[in-house]
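Reader: Hi! Could you walk me through this one?
Author: Happy to, here it is.
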Amino acid sequence: MLKSTKWLTSFLMLAVLVCLPKFTAATSTTNLLIADRANSRVIEVDPITHNVLWQYGGVQGTGTNQLSNPTEVSKLINGNVLIADRGNCRIIEVQPTGISGGTIVYQYGQTGISGTGTNQLVEPHDIKKLGNGNLLIADRSGHRVIEIQPTGASGGNIVWQYFINYAQAAKRLPDGSTLIASGVGNGNCVIRVSAGLTSTILWQYGDGTYGSGTNQLRAPMDAIALTSGNILIADYDNQRVIEVQPTGTSGGTIVWQYGQTYIYGSGVNQLRGPCEVTRLFNGNTLIVDIGNH
């Protein structure tokens, strides 16, 4: 998955190959990276033949070449692979070797130890490498989004953080603000917060109510900003993807929707747990429909 700026990635292809992939995308000339949660592995796949070209993990655990419920993966410019190893409470950067395995060249979080102290995470769900080399982490059960400035082969300094219930996804926007999807609890919203240590909410969709009415969401799992200024949201428990045209500092108008609100299904215009979404340059929308595999 090549998506350090996912909402600008072009000509993506979807290939759902195994149970419960978190995200699957590639250009027409590059391979696909899949965070295969239920199989505790990350795989790189040829988008044409669907052959597995490289794999990390496959056995749930904390040992060499093992993962636990990985939820996000991306390939870096240097060829290494960045993984949110959610069940092991860590972010790792792996240097691939051969067709299987690799060397962990950087890690943030203590393997299998959850916490919010120094070099600790609690179920990190989303990870992005920023242009300045820092890491933007949605630390789901740590109820925060943090920006880490790596130091050495492990650890780092927290240079920015924002606390919010069940942070599922975070994207740094060109103007320096951060778009955050907050899943459950008193979250159930997508917010854009300002840059700086004293961040304020610039815009919010979802009033915090777990619902499907006006300006309501049910456990949103992902959100991206489109070049039009609209926001694309994977509204997980409402079984829909919606495109919202923001109005003012709160709310907005739904201008497009795929999936029937709060109706589970596998037919036309039906979803069963959309957990990630992106808009392609050709205008199509790519959705990971986790419940339908």
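Author: Two strands pair if DSSP finds at least two bridges between them; strands are DSSP runs of E with at least two residues, numbered from the N terminus. This is a predicted model, where local features need pLDDT of at least 70, side-chain atom pairs count only at pLDDT 80 or more, and totals for chains, interfaces and linings use all residues. Residues are numbered from 1 along each chain as its sequence is written, and side-chain values use heavy atoms, with hydrogens and water left out.

Reader: Thanks! Which residue in S7 stands opposite valine 81?
Author: That is valine 94. Strand S6 (residues 81–85) and S7 run antiparallel, joined by 5 bridges.

Reader: And how many residues lie between the strands in the hairpin of S6 and S7?
Author: There are 4, and cysteine 89 in that hairpin takes a positive phi near 55°.

Reader: What about S7 and S8, how many bridges there?
Author: S7 pairs with strand S8 (residues 102–108) over 6 bridges, in the antiparallel sense. Proline 96 has glycine 102 in S8 as its bridge partner. The hairpin has 5 residues between the two strands, with glycine 98 in the turn at a positive phi of about 60°.

Reader: How many residues of S7 are buried?
Author: Strand S7 (residues 90–96) has 5 of its 7 residues buried, meaning under 20% relative accessible area (1.4 Å probe, protein chains only).

Reader: Switching topic: is cysteine 275 buried or exposed?
Author: Cysteine 275 is buried, because its relative accessible area is 0%. Cysteine 275 sits in strand S21 (residues 274–279).

Reader: And how far is cysteine 275 from isoleucine 287 in space?
Author: They are 7.6 Å apart, C-alpha to C-alpha, and 12 residues apart in sequence.

Conventions. Buried < 20%, exposed > 50% of the residue type's maximum accessible area, 1.4 Å probe, protein only.
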